[in-house]
Amino acid sequence: MRIVSFGFQTWGRKTLQALIDSEHEVVLAVTHPASESSYKAIWNDSVEELAREHGIPVHLTERADAATIDLVKRAEPDVIVVNSWYTWMPAELYSLPPYGTLNLHDSLLPKFTGFSPVLWALISGVEEFGLTVHRMDEQLDTGDILVQHRLPIPAGATGTELVLAGMELIPGAVNEALAALVSGDPRWTPQNKAERTYFHKRSDRDSRIDWSSDAVDLERFVRALSAPYPRAFSHYRGERVEVLAASISEASYGGTVGRVVVQEGGGVVVCGPNALRGNNRGLVITRVRTADGVERDGAEFFVRGGYLTDAPE
């Protein structure tokens with residue numbers, strides 16, 4: 001088959017590599033220009049570079065405009081394959097090839113449609129995640145499913161570890177999907193849209209710790225926001241502080257939400273919800289990074305006690 005690839009960042013590059021390694025022909029690679037903004041600068045392995053190394057024509061664009069659609073038409077693809085494309089794709093484009101357009105989305109659709117699905121899955125406390133290959137339609141991540149691969153979320157896993165594990169699913173999923181199309185009998189499974197969950201783009205505010213949350217959720221939140229992602233943060237004595245590592249306390253603690261209480265397990269305990277009655281575990285902060293970029297042990301940094309707050313006080 002003749003394939004046009006739409007993709008960006010490491011996800012797009014790994015998808016393009018899988019297409020290059022297949023028995024099919026990549027006739028055009030469409031990608032976004034390099035960017036240093038926000039999440040686009042994370043996992044930024046170049047699709048353009050890989051395509052040029054293999055003599056594949058490249059089209060750089062921020063959106064699927066008229067010029068992009070014209071180039072794809074002239075390439076005469078049998079199928080378009082998309083992974084990590086940031087802007088809207090019109091029906092004129094995604095319905096153009098005989099086999100339509102396949103989109104790769106790193107969640108178990110219809111759950112976690114939208115953005116940063118792996119991080120949101122870990123934050124939400126689900127037990128598994130994965131990769132879905134589905135047919136593109138008029139909505140975001142809602143088309144019929146062709147291939148779905150699952151992975152468990154191990155205890156103690158970080159967001160970064162899960163993202164990397166999910167990327168390793170790309171070659172197998174791409175090959176399985178293309179083989180299904182070539183077979184002439186692809187098995188499409190419609191999504192139950194009543195089960196759909198949608199998660200928005202992450203911003204700086206979404207990394208702020210909510211001390212009214214349970215310690216189990218907060219510990220998972222800290223793990224989800226592992227490097228290179230923006231780290232979980234709070235404010236202490238007027239200073240923004242990133243929480244790099246934490247655990248759940250052995251004892252239960254009472255007092256006021258956000259209060260730095262006592263040392264335990266190599267860190268300091270911060271009170272969480274239901275603190276008035278002391279019915280819940282606290283979050284033990286073991287490693288922090290201050291605004292000057294210096295990392296410190298939690299027990300040493302919080303030696304004066306006090307409160308962690310949503311904003312500087």
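Me: What does it take for two strands to count as paired?

Reply: Two strands pair if DSSP finds at least two bridges between them. In this predicted model, strand 2 (residues 25–31) and strand 3 are joined by three bridges and run parallel.

Me: Which residue stands opposite valine 58 of strand 3?

Reply: That is alanine 29.

Me: How should I read the sheet as a whole?

Reply: Start from the general idea: strands of a sheet pair through backbone hydrogen bonds, either parallel or antiparallel. Here, seven strands make an open sheet with mixed pairing, and their order is 3-2-1-4-5-7-8. At the edges lie strand 3 (58–60) and strand 8 (145–152), each of which pairs on one side only. From one strand to the next, the twist averages 15°.

Me: Which strands does helix 1 touch?

Reply: Helix 1 (residues 9–21) packs on the sheet and touches strand 1 (2–7), strand 2, strand 4 (79–83) and strand 5 (101–105). The direction of helix 1 makes about 145° with that of strand 4.

Me: What does phenylalanine 302 touch?

Reply: Leaving out residues up to four places away in sequence, phenylalanine 302 touches Tyr236, Val260, Val268, Ile285, Val288 and Leu308.

Technical notes
Residues numbered from 1 in each chain as written. Predicted model: local features only at pLDDT ≥ 70, side-chain atom pairs only at ≥ 80, totals over all residues. Heavy atoms only, no water. Helix = DSSP H or I, 4+ residues; strand = E, 2+ residues; numbered from the N terminus. Axes fitted to C-alpha atoms, helices over the stretch in contact; angles between N-to-C directions. Contact = heavy atoms within 4.5 Å.
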